[in-house]
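Here are a few notes to go with the model you asked about. Have it open while you read.

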Amino acid sequence: MNVAVTHSLDAHYYTSDDIFQKELNGLLARTWQFAGHSADIPNVGDYFAFEVAGQSLFAIRGRDNVIRTFFNVCQHRAHEMVSGTGNTRVVVCPYHQWTYELTGGLRAGPNIKNVPGFDRSKICLTEVRTEDFLGFIFVNLDNEAASMDEWYPGVRDEISEFVPHIDTLAPLEWVEIPENCNWKCSIENYSECYHCPSNHPTFAEGVVKPETYDIQPAKDGYVLRHTTECQALEKMTYPVDLESNAHAGDYQSWFLWPMFSFQCYPGNVLNTYHWRANTVDTCTVWRGWFTENGHESDVIRNLAIQDRETTVEEDIRLVESVHRGLKSKGYVPGPLVLDPNCGVLSEHSVARLQQWMREAVDQPAS
């Protein structure tokens with residue numbers, strides 16, 4: 001029986017600056033992007049600045065306890081409003097001291113009362129669509145975008161089941177990982193475990209059972225679900241209490257297209273990945289590790305160290321080699337390994353991911 005095979009994407013999807021610019025102005029500006037954790041700005045007036053799709057933004061907690069996000073630009077003459085992190089009673093532009101309320105409305109400015117026809121009520125910082133997803137703050141530059149629950153059906157409830165104490169969690173640490181590759185190389189590598197048994201011995205032998213690993217694209221929405229069981233307890237590289245929760249012996253990951261993943265390690269250990277596309281040839285990956293109220297935990301600290309000294313370092317070498325290979329004149333995209341039975345040695349998740357990647361740049365803008 002002749003069956004058409006599915007080939008990987010052409011190299012130009014990863015190496016073309018024109019495609020990268022299309023992604024910045026299209027896909028990455030119209031999808032949900034991680035900003036930070038609500039525990040990072042617990043008090044009224046707390047803020048942090050960040051960047052999404054080449055745009056400078058900042059999130060701030062208002063007096064009504066609502067977290068809002070604004071483009072980081074004054075409406076007077078375009079100076080940036082804030083940098084880094086901090087706390088403020090009002091938001092003051094450093095250039096001419098125009099002052100805005102925490103809700104974005106203009107409060108005051110030097111000599112504006114003497115300007116004929118000046119209507120302060122019509123001036124406001126430009127707000128960005130923001131959602132609190134289990135304490136994680138996401139933004140979308142498209143005000144007409146569907147909600148996160150529509151983009152990622154069922155994920156909120158599933159994570160709450162695997163991590164029932166998620167409302168009490170706060171970041172213990174963030175690990176920033178620069179990678180010399182196109183962001184899609186890194187995303188693809190994360191989204192398959194075909195390479196795990198031969199490249200991640202610590203993860204494959206001391207955390208999960210590779211033979212039970214599977215990745216399933218969602219029937220609806222933009223989610224890839226990774227599932228597997230924990231390794232035999234005597235082989236685990238950290239202690240796991242299987243009686244602590246119904247899913248204590250399970251591993252599950254929810255990759256939310258295009259740039260974020262929740263992971264629940266055995267023992268109900270929550271950790272995350274999020275990506276930022278810097279240039280066509282570079283991206284940054286952040287690994288987040290979480291504990292109750294951000295309290296110290298030797299187990300989680302040691303697990304984070306183990307992760308970055310093994311899986312993270314191993315992946316950097318892989319994705320950077322792939323990116324170099326994509327620029328080779330000898331590269332011809334080969335067929336993906338699509339096993340009808342799925343499983344760890346199948347790339348059906350990559351096929352779905354590449355479908356989304358292709359649609360993001362090939363479909364005409366709506």
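1. Which helix does Asp-157 lie in? Asp-157 sits in helix H4, residues 155–162; helices (H or I, at least four residues) and strands (E, at least two) are DSSP runs numbered from the N terminus. Asp-157 counts as exposed because its relative accessibility is 60% (exposed is over 50%, buried under 20% and partly exposed in between, with a 1.4 Å probe and protein chains only).

2. A word on the ground rules. This is a predicted model, where local features need pLDDT of at least 70 and side-chain atom pairs count only at pLDDT 80 or more, while totals for chains, interfaces and linings use all residues. Residues are numbered from 1 along each chain as its sequence is written, and side-chain values use heavy atoms, leaving out hydrogens and water.

3. Now for H2, residues 17–25. Its buried residues are Ile-19, Phe-20, Glu-23 and Leu-24. They share the same side of H2, because they cover an arc of only 145 degrees around the axis (the arc of directions from the helix axis to the C-beta atoms). Asp-18 and Asn-25 are exposed on the other side of H2. As for partners, the buried residues of H2 pack against H1 (12–15), H5, strand E16 (269–279) and H9; contact means heavy atoms within 4.5 Å.

4. H5 (residues 183–190) packs with H8 (residues 298–326) at about 130 degrees, the axes being 9 Å apart. Axes are lines fitted to C-alpha atoms, for helices over the stretch in contact, and angles run from 0 to 180 degrees between N-to-C directions. That angle makes H5 oblique to H8 (under 35 degrees is roughly parallel, over 145 roughly antiparallel, 65 to 115 roughly perpendicular, the rest oblique). On the H5 side, Cys-185, Ser-186 and Asn-189 take part, meeting H8 residues that include Asp-315, Leu-318 and His-323.

5. H5 also meets H9 (residues 348–362): their axes come within 10 Å and cross at roughly 155 degrees. H5 and H9 are therefore roughly antiparallel to each other. Here Lys-184, Ile-187 and Glu-188 of H5 touch Val-350, Leu-353, Gln-354 and Met-357 of H9. By class, this contact of H5 with H9 has 4 nonpolar, 1 polar and 2 charged residues (Ala, Val, Leu, Ile, Met, Phe, Trp, Tyr, Cys and Pro count as nonpolar, Asp, Glu, Lys and Arg as charged, and the others, Gly among them, as polar).
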